[in-house]
Amino acid sequence: NYTMIFRTRLVTFLIHHQNTLTHSFTARSMMSSSSAISSINSSTIFQSIQEAQEHVFKNIKSCSSSNSNIYDTNDDGHENLYKVITTPCGELKCQHDSSLSTLSSANVVAYAAYNNPTVKKNKNVKKNKKKQKNSSDPDPVPVPVASINNNTSNYLIVLSDSIFFPEGGGQPSDRGLLTIEKKMIEKNNDAREETIVFRVNDAQNVKGICLLTCTTQKSMEDVQSILSSSIATTTTTTNSNNSSTCTDTDTDSATMEENDDDTSANEATSKIQVTQELDWDKRVDGMTQHSSQHLISAVALSEFGLDTVSFSLRPDSLVSYIDFAWDTDSSDNSYNDNEYESIFAKIETIVNEHIRCNLSMKPTWLDTDNDDESLQNKEGLRSRLLPDGLTGKKIRLVEIDGIDLNTCCGTHVTNLSQLQMIKFFRVEKFKSNIVRVFFSSRERLMKILQGGHVRNVMLMNKLSCTED
């Protein structure tokens, strides 16, 4: 019965929008007669997240390749192929302005539903991990850790732009809500609204695209209807503006309208609005700890010549840590083996002085194809883990005014005063040539101090004594 109802609605929709959608479907191979049914049919549920991922990329690539005049790729085929219809990772809204907590100017450009796999304990987990590391196949999108019941629908969704930061650079991905609202205005001016709310559990950078892993409690039929309408609406609007792209990613309005070429008062119209909303506490935690690491690493290098080896934000803990190279046998390092505690005490003092100076922190982009701009020409730039022979890409840099310039994809504060204070809790020799520094700032630091105060009060009450 659901299939018959859906087919009837689809035929009615195509009849009312025949003129406009003829051009739209021609421009998008993903919306051809066979592919369109495959994309929006409520019975299309992929059996794994990997199959859903392949489907999404096939649709995006088909749409992009239809515009050969602006579709560009490297010889190896691994360039960011899809900037035509979606903003590539590295240039997302969240990477231009990390202070954005909501966004309503993006569109849905591709999606796929999949079954949530049943996770079984495997005694040979370590062996399987070794096999995966040795495999030449690209890593699939990881399944998000979330509480999902049998009534939950699982989706991979690609937007034209995103404020959800995709995991990378030592920083976990953002989480939050994705709300898609569809407002139907009938010919008698009666309005009917439908709303789908997705929980965004994960965001990953896959082939340069921000891929959102989402769940919702709504029925598959309702979700597919709104998602397919959102894509069709975007396509229609773009074609009516004579744009060569499949999706209008530069729209200033949050509302996309769907109309016939022969718009009349007797025709029904629909408006689609896509709203992204971050888990703001999680974003603030990530960007403050990450910004703190930038500042600490910059001071350690510039003042004491200590290189950062690795960094862990530790989202499940109140303290993060940085590993510094400490090689007393090196000619570049004149420190004694037992000096590291006093040196990092000095570093802690300096970083907090910089915080009190309210120095700005902002992103910039470097065009590696520009002869006047190169990594070598950027004075004071510290960088690592960049691929050899990197060309044809924009590299994101994060600058602390007068202190640091570093390649980074992550989200950061706009000025150091937002860190409030940085405290080192433990400095220890992790290996013979590594010193590990545990630190915290802002909300994490406040929680630690509050917890310590509460414990002190409890101990004083138990022992009937004062702090002295």
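With which residues is isoleucine 400 in contact, once its neighbours within four places in sequence are left aside? In this predicted model, the residues concerned are His294, Leu295, Leu359, Ser360, Met361 and Leu416. Isoleucine 400 belongs to strand β13, which covers residues 394-400, and with a relative accessible area of 1% the residue is buried. A separation of 102 residues in sequence lies between isoleucine 400 and alanine 298, yet their C-alpha atoms are 9.2 Å apart in space.

The chain as a whole may be described next. Its secondary structure amounts to 10 helices and 16 strands, and of its 468 residues 44% are buried. Among the contacts with a separation of 6 or more, 70% are made by residues 24 or more positions apart. The accessible surface is about 25200 Å², and carbon and sulfur atoms contribute 46% of that surface.

Strand β13 also contains leucine 397, which, like isoleucine 400, is buried with a relative accessible area of 1%. When neighbours within four places in sequence are set aside, arginine 426 is in contact with Arg436, Val437 and Phe438. Arginine 426 has a relative accessible area of 43% and therefore counts as partly exposed, the range for this class lying between 20% and 50%.

The packing of two helices was then considered. Two packed helices are described by the angle between their axes and by the distance between those axes. For helix α8, formed by residues 280-304, and helix α10, formed by residues 442-463, the angle is about 95° and the axes are 8 Å apart. Because this angle falls within the range of 65 to 115 degrees, α8 is roughly perpendicular to α10. On the side of α8 the contact involves Val284, Asp285, Thr288 and Gln289, and on the side of α10 these meet Arg442, Glu443 and Arg444. Sorted by class, the residues of this contact comprise one nonpolar, two polar and four charged.

Helix α8 also includes serine 297, a buried residue whose relative accessible area is 1%. Apart from neighbours within four places in sequence, the contacts of serine 297 are with Thr308, Ile322, Phe324 and Arg382.

Most residues other than glycine have a negative phi. Arginine 442, which is found in helix α10, has a positive phi near 50° although the residue is not glycine; arginine 442 is also one of the α10 residues that take part in the contact with α8. Asparagine 358 likewise has a positive phi, in this case near 60°, and is a residue other than glycine. Asparagine 358 is located in the loop that runs between α9 (340-356) and β11 (361-367), and with a relative accessible area of 44% the residue is partly exposed.

The structure contains zero disulfides. Cysteine 89 takes part in no disulfide, and the nearest cysteine sulfur, which belongs to cysteine 210, lies 5.2 Å away, whereas a disulfide would require the two sulfur atoms to be within 2.5 Å. The relative accessibility of cysteine 89 is 14%, so that this residue counts as buried, the limit being under 20%. Cysteine 357, by contrast, counts as exposed, because its relative accessibility of 53% is over 50%.

Technical notes
Residues are numbered from 1 along each chain as its sequence is written. This is a predicted model: local features need pLDDT of at least 70, side-chain atom pairs count only at pLDDT 80 or more; totals for chains, interfaces and linings use all residues. Side-chain values use heavy atoms; hydrogens and water are left out. Helices (H or I, at least four residues) and strands (E, at least two) are DSSP runs, numbered from the N terminus. Buried means under 20% relative accessible area, exposed over 50%, partly exposed in between (1.4 Å probe, protein chains only). Contact means heavy atoms within 4.5 Å. Accessible areas come from the Shrake-Rupley method with a 1.4 Å probe; for residues, only the protein chains shown count as cover. Axes are lines fitted to C-alpha atoms, for helices over the stretch in contact, and angles run from 0 to 180 degrees between N-to-C directions. Angles under 35 degrees count as roughly parallel, over 145 as roughly antiparallel, 65 to 115 as roughly perpendicular and the rest as oblique. Ala, Val, Leu, Ile, Met, Phe, Trp, Tyr, Cys and Pro count as nonpolar, Asp, Glu, Lys and Arg as charged, and the others, Gly among them, as polar.
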